[in-house]
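The sequence and the model are shown first.

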Amino acid sequence: MTDNLDDLRHEIDTVDNRILELIAARMDLSDRVTAAKAGKAAFRPGREAALMRRLASQRPDISGVILLGIWRQILAASLSRQDADLHFIVHSDVAPTAAWHMGSALQASYADSISDIAAQFAVQKARGDTLYALVPADNMPALAAWLYTDDAAFVIARTPLFDMGAVPPAYIIGPALPDASGDDITLIGVLNPDTGHMINSVAGYHPDGVGDDAGDVRVLGIYAR
């Protein structure tokens, strides 16, 4: 029995070494992607979501939540290599989500309200910075009002992609709409004279809005589900 356990542990060590080499190879490819993009956005949440759904479908015997947790750290490390100045403004209610999403690569400042985050966005946008925010995944009027009036702030992702009870869901706000993931939700902002700003959710990828939009409406974001 002892010899058998030693053999199994040796096999595990061998697999761990292979995993390390594969991660290093992935990071090298990430560096090459950075050079090929020549300044284009490093953050591709639509592509990330499509990747995670593909991996989960390939190995249904492994929990999608476990796979997401593992790949989330790999993706965060890759993203931080592509953009070392990547910074998030994080609503305090979803600080645990930011830490889970970006891990040790997280560079963040914190705010207690949507209005504070919007103000920080405005200041950094004026400086020409590209930045992101994490806010509670709640279609609250304050979020609707900010996104409706800011043409450089959109919901680009909802994280975690798969529901995790210990991680509060959050919207990621970015400067431009994301790529399609293959299964998306579009958020439509509506300005109602009686109720103020509201957010409606529509299934599908609709960067130009939906056919029956009328009046004071605009696309506030799209996220993979």
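## Overall fold

From one end of the sequence to the other, the elements of the chain occur in the order α-α-α-β-α-β-α-β-α-β-β-β-β-β. The model is a predicted one. Its secondary structure amounts to six helices and eight strands.

Taken along the principal axes, the box filled by the C-alpha atoms of the chain is roughly 75 × 35 × 35 Å.

## Packing of α2 against α3

Two packed helices are described by the angle between their axes and the distance between the axes. For α2 (45-58) and α3 (64-82), the axes come within 10 Å and cross at roughly 140 degrees. An angle over 145 degrees would count as roughly antiparallel; at roughly 140 degrees, α2 is therefore oblique to α3. The crossing of these two helices, α2 and α3, is right-handed.

On the α2 side, the contact is formed by Glu 48, Leu 51, Met 52, Leu 55 and Ala 56. The α3 side contributes Gly 64, Leu 67, Leu 68, Trp 71, Arg 72 and Leu 75. By class, the residues of this contact between α2 and α3 comprise eight nonpolar, one polar and two charged.

## Packing of α5 against α6

Helix α5 spans residues 114-126 and helix α6 spans residues 141-149. Their axes lie 9 Å apart, and the packing angle is about 20 degrees. Angles under 35 degrees count as roughly parallel, and α5 and α6 are therefore roughly parallel to each other. The crossing of α5 and α6 is right-handed.

Ile 114, Ile 117, Ala 118 and Phe 121 of α5 make this contact with Ala 142, Leu 143 and Trp 146 of α6. Seven residues of the contact of α5 with α6 are nonpolar, with no polar and no charged residues.

## The largest pocket

The largest pocket holds about 420 Å³ of space. Its lining consists of 15 residues, and those nearest the centre of the pocket are Arg 26, Arg 47, Leu 75, Ser 78 and Gln 82. Leu 75 is also one of the α3 residues in the contact with α2.

Two or more lining residues of the largest pocket come from each of α1 (2-37), α2 (45-58) and α3 (64-82). The largest share is that of α1, with five residues. In the lining of the largest pocket, six residues are nonpolar, three are polar and six are charged.

## The largest cavity

How many cavities of 30 Å³ or more does the structure hold? There is one cavity of 30 Å³ or more. The space in the largest cavity is about 170 Å³. This cavity is lined by 19 residues, of which Pro 45, Glu 48, Ala 49, Arg 158 and Leu 161 are the closest to its centre.

Which element gives the most to the lining of the largest cavity? That element is α2, with five residues. At least two lining residues are supplied by each of α2, α3, α4 (95-102) and β4 (154-159). The lining of the largest cavity is made up of 13 nonpolar, three polar and three charged residues.

Note on methods
Residues are numbered from 1 along each chain as its sequence is written. This is a predicted model: local features need pLDDT of at least 70, side-chain atom pairs count only at pLDDT 80 or more; totals for chains, interfaces and linings use all residues. Side-chain values use heavy atoms; hydrogens and water are left out. Axes are lines fitted to C-alpha atoms, for helices over the stretch in contact, and angles run from 0 to 180 degrees between N-to-C directions. Helices (H or I, at least four residues) and strands (E, at least two) are DSSP runs, numbered from the N terminus. Angles under 35 degrees count as roughly parallel, over 145 as roughly antiparallel, 65 to 115 as roughly perpendicular and the rest as oblique. A crossing is left-handed if the near helix is turned anticlockwise from the far one by less than a right angle, and right-handed if clockwise. Contact means heavy atoms within 4.5 Å. Ala, Val, Leu, Ile, Met, Phe, Trp, Tyr, Cys and Pro count as nonpolar, Asp, Glu, Lys and Arg as charged, and the others, Gly among them, as polar. On a 1 Å grid over the protein atoms alone, a cavity is a set of points where a 1.4 Å probe fits but cannot get out, and a pocket is an open set with protein on both sides within 12 Å along at least five of seven lines; lining residues have an atom within 4 Å of a point. Grid points are joined across faces, edges and corners, and a volume is the space filled by probe spheres set on the points.
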